[in-house]
Amino acid sequence: TKDWNGIDQVVLRSPHGASARVSLYGGQVTSWRNDHGEELLFTSSKAIFKAPKAMRGGIPICFPQFGNGGSTELHGFARNKIWMIEDSPPPLHLNDSHGKSFVDLLLKPSDDDMKCWPHRIFVIPSSFEFRLRVSLAADGVLNMISRIRNVNGKPFSFSFAYHTYFSVSDISEVRIEGLETLDYLDNLCQKERFTEQGNAITFESEVDRVYVSAPNAIAILDHEKKRTFVIRKEGLPDIVVWNPWEKKSRAMGDLGDEEYKQMVCVDGAAIVRPITLKPGEEWTGRMQLKVVPSSFCSDH
Ligand code: TA6
């Protein structure tokens, strides 16, 4: 369907005709609902749906850089682009043998986009390919697979994140498990390196960290909703954890003043050590999201 200033929206539906669904605009997942039709991702009530800027919420893809890296575009151009829908088999609501609904998207940057890439690398649009497959499995699990290939250009480096806004009932009742004892770079202290001491990450103030070499399974427990999000990842060594808290929220035009309480960003990412691709090489970054009743959180 056309929406968001005429951009194609794609809706993947659960093969069982249940209410589970995933919606995308371009390369950005904007909604992921479970079988009861409950929205699992956060979208700001003040989100600016003005293509091609990224909407505050869902899962914008940060590429080719994460953080300001000295360029004007904080998180790269991929999330501000309109992606092409590739030859996904219609109808989109059911296809492959595993009962997954999927859509394949292709990012076609312009010469202009290259300008925001770190200037030390000259990359032309035709020298790389970025393909994204988003799929919704019969059990409601959301999979995102990014494949970035250096077709024939000079070696180039990039950092990457699935900037995932989870919907939570109350940030002060949220715990993140799986990051204990890890080192992290604290964006609130000039990216200084610390070691996590806690036995889970909890939130009492703004948090903006990159956990280094995180395990491939992370759990986000929402106490009030009695549910746990489980992130599994491959090719994404780092985990970003971000909540702007009250003061920063008030300074953000596209986030409601109190809405920081209903969101937490936990991003599968490759940031600390950017990925370098020589001609012909391909990188794959895979993130799987599922939600389970909290009583199972121990076996995430
Ligand atoms: O998640 C880490 C972070 O870099 C924060 O510092 C904050 O800037 C956040 O991303 C949101 O960035 P955005 O460009 O989406 O406003």
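Rings of Phe, Tyr and Trp (for Trp, its six-membered ring) are counted as a pair if their centres lie within 6.5 Å, with planes under 30 degrees apart classed as stacked, over 60 as edge-to-face and the rest as tilted. The structure is a predicted model, in which local features need pLDDT of at least 70 and side-chain atom pairs count only at pLDDT 80 or more, while totals for chains, interfaces and linings use all residues. Residues are numbered from 1 along each chain as its sequence is written, and side-chain values use heavy atoms, with hydrogens and water left out.

By this criterion the structure holds 18 aromatic pairs. Tryptophan 83 lies in the loop between strand S5 (61-62) and S6, and phenylalanine 130 lies in strand S8 (residues 128-136), so the pair ties together parts that are 47 residues apart in sequence. Tryptophan 83 counts as buried because its relative accessibility is 5%, the term buried being applied under 20% relative accessible area, exposed over 50% and partly exposed in between (1.4 Å probe, protein chains only). Phenylalanine 130, at 0% relative accessibility, is also buried. A further edge-to-face pair is formed by tyrosine 165 and tryptophan 242, at 6.2 Å centre to centre and 85° between the planes. Tyrosine 165 belongs to strand S11 (residues 165-167) and tryptophan 242 to strand S18 (residues 238-243), 77 residues apart. Both tyrosine 165 and tryptophan 242 are buried. One aromatic cluster is formed by Phe63, Phe77, Trp83, Phe128, Phe130, Phe156, Phe158, Phe160, Tyr162 and Trp283.

Strands are DSSP runs of E of at least two residues, numbered from the N terminus, and two strands pair if DSSP finds at least two bridges between them. Eight strands form an open sheet with antiparallel pairing, in the order S6-S7-S8-S9-S20-S17-S16-S12. Strand S6 (84-85) and strand S12 (174-177) are its edge strands, each pairing on one side only.

Tyrosine 165 and tryptophan 242 are also among the residues around the ligand, together with Arg56, Phe66, Leu74, His75, Arg79, His163, Asp208 and Val240 (a heavy atom within 4 Å of the molecule). Polar contacts are pairs of N or O atoms within 3.5 Å. A polar side-chain atom lies 2.8 Å from a ligand oxygen atom for arginine 56, 3.0 Å for histidine 75 and 2.5 Å for aspartate 208.

Conventions
Helices (H or I, at least four residues) and strands (E, at least two) are DSSP runs, numbered from the N terminus. A polar contact is a pair of N or O atoms within 3.5 Å; within protein, one must be able to donate a hydrogen and the other to accept it, and residues adjacent in sequence count only if both atoms are side-chain atoms.
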